[in-house]
Amino acid sequence: MDDEVPAALRRAAEEAIDEAGVLDALAALGAEHSPYGRERATAHRLADWAAARWPELSWRVDPLDPTAALPDSANLVGSSALGTAPELLLYSHLDTSLTGGAEFDAPITGLDAPAPELIRPAGTGTERVVSGFGLGVARAATAAALVGFAAAAGACRAAGRPHRLTLLLAAAGTHRTDPDAGPTAGGVAHHLDRHPLPAAAVVAKSGPPGVLTAEPGAMFVRVRLTSRFHPALFRDAAVPPGGLLAHLGRVVAALEAFRAAHLASRAGRGGQVGAEVGVGAVRAGQPGKPDLLPGRLDFHLYLVTVPGDEPAEIADALAATLAERLRGTPLGDCGVSVTGWPVHPAAATDPDAPICHWADAAWRAAHGHAPQPIRGWTGSTDGVVLRGRGVPTVRLGPPSLPADPSDPRRDRYAVAELTRFARIYADIALRSRQISTA
């Protein structure tokens, strides 16, 4: 399959990629925070930087309609087209799971200090490491994708080769939900709603050491217990005795019992993908009025789904488990409700699709060996959105190193690996010129 790309074209793309360029892209991405729903400033700054570096390519900021959840969002779209050719979409996202600000992040990280800045490695050698905030969520892979896209597009343009390449760095690419209204459509859906579907897509995001042709789905679930509120100084007379929070452990135990049964029933069922359940947030009462015992206790769960999962059935099974586990306990007479919000279902690409073969060949060329088989992967991305629209999609990205033990917000990557994956993305883009004949 290496023969599908002319040697001179491959050499031109590879020579356009180096460590300094990848590190410059990382610095441009991380110059300021890019929280979910407020990515527009980053999109404009990155578009200006990319346009100065690669003026022969098109760079466009595409704002999303403002909403309460996405008040200042925008996609960055890079494109290059010459002649008539099917389109390859290379995708990553602009936002990070953590925001970089203490108000949102501290309850998760336990840290009030400012988010750590990017540290570029000094010197030369194979052991050079870059570290900083938000690299693991997407920035490391995004920088590699940006440089790889520009190298492939530039090589095709210089050689007069027909191609149609698009880089989509999307807003709202991390999973997030409104606790009352559920998840909102993000930048990928915005882009697909307004443009013809690409012939194939690559999701650039760190993950397992191989090529994912399938990804799990996701859903958010809220478990709500209700009772009467009561003054804390009369807690013995409360219903349930001591108040809802005094029995929080019973609910956690019931949720863990559900998780064990849920995962056991799906063991080995998902192929490349696997299921998972996690309790990510608990909410009750008012911090400024703790002398009143709360009458509502909410647990917010994130579920990773496998093919065949039905969100309504999952919610019903969870409600049944809670009813059984809490019956006969002090919580037995409390109101219990389970509300589920599906984000998207699990989806897969036919392993025989051309994009899968090109990704496999690019991996082999870069690593000298085949990618490892993947089983039970539980990370879901917007790749399922693309597959849900009928776009053959693969996901692959650079491996991370262990986070900095002094500050786990500081993700770490070998610079050589980021450069390797920039070349892999460029290689896939060059191979994609064969879409029309594959």
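Modeller: Start with Asp-427, which lies in helix H11, residues 415-431. Helices (H or I, at least four residues) and strands (E, at least two) are DSSP runs, numbered from the N terminus. This is a predicted model, in which local features need pLDDT of at least 70 and side-chain atom pairs count only at pLDDT 80 or more, while totals for chains, interfaces and linings use all residues. Residues are numbered from 1 along each chain as its sequence is written, and side-chain values use heavy atoms, with hydrogens and water left out.

Colleague: Why does Asp-427 count as buried?

Modeller: Buried means under 20% relative accessible area, exposed over 50%, and partly exposed in between (1.4 Å probe, protein chains only). Asp-427 has 7% relative accessibility, so it counts as buried.

Colleague: What joins the side chains of Asp-427 and Arg-10?

Modeller: A polar contact of 3.0 Å. The term covers a pair of N or O atoms within 3.5 Å; within protein, one must be able to donate a hydrogen and the other to accept it, and residues adjacent in sequence count only if both atoms are side-chain atoms.

Colleague: Which residues does Asp-427 touch, not counting residues up to four places away in sequence?

Modeller: Arg-10, Ala-362 and Ala-365. Contact means heavy atoms within 4.5 Å.

Colleague: Why is the pair of Phe-421 and Tyr-425 called tilted?

Modeller: The structure holds six aromatic pairs. Rings of Phe, Tyr and Trp (its six-membered ring) pair if their centres lie within 6.5 Å; planes under 30 degrees apart count as stacked, over 60 as edge-to-face and the rest as tilted. For Phe-421 and Tyr-425 the centres are 6.2 Å apart and the planes stand at 55°, so the pair is tilted. Both residues lie in helix H11, four residues apart, about one turn of the helix, and both are buried.

Colleague: What kind of aromatic pair do Trp-54 and Trp-59 form?

Modeller: A tilted pair, at 6.1 Å centre to centre with 35° between the planes. Trp-54 and Trp-59 are both buried. Ring pairs also link them with Trp-49 and Phe-149 into a cluster.

Colleague: What makes up the largest nonpolar core?

Modeller: A nonpolar core is a set of buried Ala, Val, Leu, Ile, Met, Phe, Trp, Tyr and Cys residues joined through side-chain atoms within 4.5 Å. The largest has 66 residues, and those that touch the most other members are Phe-149, Val-202, Ile-355, Leu-396, Tyr-425 and Ile-428. Helix H5 (residues 135-159) supplies the largest share of this core, 15 residues. A second, separate core holds 20 residues, including Leu-255, Ile-314, Leu-318 and Leu-322.

Colleague: Why do E1 and E15 stand at the edges?

Modeller: They belong to an open sheet of six strands in the order E1-E2-E5-E3-E6-E15, with mixed pairing. Strand E1 (58-63) and strand E15 (393-396) each have a single partner strand, so one side of each is left without a neighbour in the sheet. From one strand to the next, the twist averages 20°.

Colleague: How do you know that E3 pairs with E6?

Modeller: Two strands pair if DSSP finds at least two bridges between them. Strand E3 (residues 88-93) and strand E6 (residues 200-204) are joined by four bridges and run parallel. In E6, Leu-88 has Ala-200 as its bridge partner, and Leu-90 has Val-202. E3 is also joined to E5 by six bridges, again in parallel; there, the bridge partner of Leu-90 is Leu-167.

Colleague: What makes E3 mostly covered?

Modeller: Six of its six residues are buried. Leu-88, Leu-90 and Ser-92 are on one side, with Leu-89, Tyr-91 and His-93 on the other.

Colleague: Where does H11 pack?

Modeller: On this sheet, touching E3, strand E5 (163-170), E6 and E15. The direction of H11 makes about 165° with that of E15. Axes are lines fitted to C-alpha atoms, for helices over the stretch in contact, and angles run from 0 to 180 degrees between N-to-C directions.

Colleague: What is the order of the sheet of four strands?

Modeller: E10-E12-E8-E13, an open sheet with antiparallel pairing. Strand E8 (residues 217-226) pairs with E13 over nine bridges. Helix H8 (residues 311-326) lies across E8, strand E12 (296-305) and E13, at about 155° to E13.
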